[in-house]
Number of protein chains: 2
Amino acid sequence: MMAKLEDVAKLANVSKTTVSRVLNHRGYLSEQTINKVHQAMATLNYRPNVIARQLYKNQTNLIGILLPTVANPFFGELSVALERRLYQQHYKVLIGNSMNDSDKEQDYLEQLLNKQIDGLIVGTHNRGIREYQEMNLPVVAIDRMVNTDIPIVAADNYAGGKLATELLLKGGATKIIHVNGPKKLAVAAHRRREAYEDVMRLHGLTPITYEIDFNIAESDKKAQLQQIFSDYPDVEGIFSSNDTDAALLLQIAAEMGRRVPDDFRLIGFDGTQIVRELLPQLTTIIQPIDEIATQAVSTLQRRIKGEQTDHEIILPVKLWPGATI
Amino acid sequence: MMAKLEDVAKLANVSKTTVSRVLNHRGYLSEQTINKVHQAMATLNYRPNVIARQLYKNQTNLIGILLPTVANPFFGELSVALERRLYQQHYKVLIGNSMNDSDKEQDYLEQLLNKQIDGLIVGTHNRGIREYQEMNLPVVAIDRMVNTDIPIVAADNYAGGKLATELLLKGGATKIIHVNGPKKLAVAAHRRREAYEDVMRLHGLTPITYEIDFNIAESDKKAQLQQIFSDYPDVEGIFSSNDTDAALLLQIAAEMGRRVPDDFRLIGFDGTQIVRELLPQLTTIIQPIDEIATQAVSTLQRRIKGEQTDHEIILPVKLWPGATI
């Protein structure tokens, strides 16, 4: 016969309420009590009916994470950091890679509305999705603006863009080009572009920004980046808004016989662990991934409880010196 | 008042069974019928009580994926490929990064037993977990051996290891060292080591394998890899069982003034997209990530239906020529 909750309570010599509190991670419980209950559950091979309990409690302890793709190292490492924080808070993670597919994003939002998940962390780039208009959903955005009602957690992209551009200037470059994603996307990363353009104008220089879609095939991306060198053979430096494009630019520069950093200076953005491991020579701006994850999770928890949250949480960036400036 | 299933049926002019089939993605339905039902649901702002439905159906359409960490690019790209395939099959993905933490792995297995998830795909490395002993669980392992009852999907690691070692020999190296993870882990990757050792012995050469834990800090890893050059200053080639270690070896060789591939030849393993983008010069063996994901999902679906599956599904590898051999 299947063991019941009362059998566990009896064997552990505690009340049914205590067993329930252990199962739901609620209220203060001594480690000794928790151990006694866990031992009794193990002895009796007790399996709580989790789905029935969810129905009763109207919560699932599931958090959805919707990112453009974890194959992009920034989002890959962010997803790991988020999952680790959420697990510590007794949440499980439902993950989706939207690949900028708005149907899929819609689908995840439907789940939130259907109470299959308790909250949602989004880092995708599709604007105008109707569901976000509904007020007071437990949603936190990372690195994107969804609407004025949803809190955003992001690196200080403006400071990062300013630092990158100033470093290129300080290194001696004046013909500096910026590479970023299409402007139509409502991503916080566009503040990098704003900073670049502001710094250039402040120095009496003309800003030139190339817009390259992150999701196109690598060969097309390489052709578009090579075009920069055809259009501006005298380019002295490039500030790339992500490290994978910077890596391609480094290859192109090498193929063209440009010496880095003597003939050509380069700085990327994101500074993920994998890029720092594989390409430590690339100078880049490090986004504080762990801190972004920590703030996103604590903000989401406040939203779930219906508490007030800041609209914008902006976190400082750091420099990875590298050797390309 | 909240709309009910019968309201949707009435507005769409179909039976309640049809609405239910649309909701559950079951049976043959014309696109026209699906659209009519979706439109009626949208008009009425109908929200199915998903959790109650799960309780009734005893299935959740959730699949757990448990990987060592998606910060390792192989597992990151694998997780994206798995999620894409599962989404196409109307599953959602519950993701966990075990970081080789057996408590966490145990926790996910408990969820499977508690019917919070319908199936589990594991790529973690913790042996001896009691739950796997229970028969006929819908579990598929990737790149690891769990027990004789659980099917495994993996690249042809032996063929990959053989190809790598033969290429180093063909390039002119004979003092060839292999770097792999600790032998105690029950991973399929050890077949790469077996292949290396077999090929070396076949050529009358002595195999030398260094065991380096993937999860140690990068600085410790670098120190351990540098030790190889101290222990064997005359080393002519290294076959590294993963590309991130190979990247470190490439840096060490450059720091030591070894010319690659003239003085020192190197080949990695995994050949993920990000490594091919960031470090295209690294010669490596490409694991067929998309094919592994496709086979893992279809095998899992057969397990869920209680159908017979092959015990081992081994998929061919490819060479990324690069320029380090």
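In chain B, six strands line up as an open sheet in the order β7-β6-β8-β9-β10-β12, with mixed pairing. Strands here (DSSP E runs of at least two residues) and helices (H or I runs of at least four residues) are numbered from the N terminus, and two strands pair if DSSP finds at least two bridges between them. This is a predicted model, in which local features need pLDDT of at least 70 and side-chain atom pairs count only at pLDDT 80 or more, while totals for chains, interfaces and linings use all residues. Residues are numbered from 1 along each chain as its sequence is written, chains are lettered from A and ligands numbered from 1 in the order in which they are written, and side-chain values use heavy atoms, with hydrogens and water left out.

The edges of the chain B sheet are β7 (208-211) and β12 (318-320), each of which pairs on one side only. From one strand to the next, the twist averages 25°. Further in, β9(B) (residues 265-270) and β10(B) (residues 284-286) run parallel and are joined by three bridges. D270(B) has I286(B) in β10(B) as its bridge partner. Helix α10(B) (residues 243-255) packs on this sheet and touches β6 (176-180), β8 (237-240), β9 and β10 of chain B. The direction of α10(B) makes about 155° with that of β9(B); angles run from 0 to 180 degrees between N-to-C directions, and axes are lines fitted to C-alpha atoms, for helices over the stretch in contact.

Now to chain A, which has twelve helices and twelve strands. Of its 325 residues, 56% are buried, where buried means under 20% relative accessible area, exposed over 50% and partly exposed in between (1.4 Å probe, protein chains only). Contacts, meaning heavy atoms within 4.5 Å, can also be sorted by sequence separation. Among the chain A contacts with a separation of 6 or more, 67% come from residues 24 or more positions apart.

Strand β3(A) (residues 119-122) pairs with β4(A) in the parallel sense over three bridges, and I121(A) sits opposite V140(A). Strand β5(A) (residues 152-155) also pairs with β4(A) in the parallel sense, over two bridges. In that pairing, A141(A) has I152(A) as its bridge partner.

Another chain A strand, β2(A) (residues 92-97), holds K92(A). This lysine counts as buried because its relative accessibility is 14%. Leaving out residues up to four places away in sequence, K92(A) touches N61(A), L62(A) and I63(A), along with L94(B), D107(B), Y108(B) and Q111(B).

As for helix packing, the axes of α5(A) (residues 73-88) and α12(A) (residues 289-304) come within 9 Å and cross at roughly 45°. The two helices are therefore oblique to each other; angles under 35 degrees count as roughly parallel, over 145 as roughly antiparallel, 65 to 115 as roughly perpendicular and the rest as oblique. The crossing of α5(A) and α12(A) is right-handed, a label used if the near helix is turned clockwise from the far one by less than a right angle, with left-handed for anticlockwise. Residues making the contact include F74(A), L78(A) and R85(A) of α5(A), and I289(A), A293(A) and V297(A) of α12(A). By class, the contact has ten nonpolar, one polar and four charged residues. Ala, Val, Leu, Ile, Met, Phe, Trp, Tyr, Cys and Pro count as nonpolar, Asp, Glu, Lys and Arg as charged, and the others, Gly among them, as polar.

Over in chain B, α1(B) (residues 5-12) and α3(B) (residues 31-44) pack at an angle of about 120°, with their axes 9 Å apart. That angle is why α1(B) and α3(B) are oblique to each other. Their crossing is right-handed. The contact is made by D7(B), V8(B), L11(B) and A12(B) from α1(B), and by K36(B), V37(B), A40(B), M41(B), T43(B) and L44(B) from α3(B). These residues divide into seven nonpolar, one polar and two charged.
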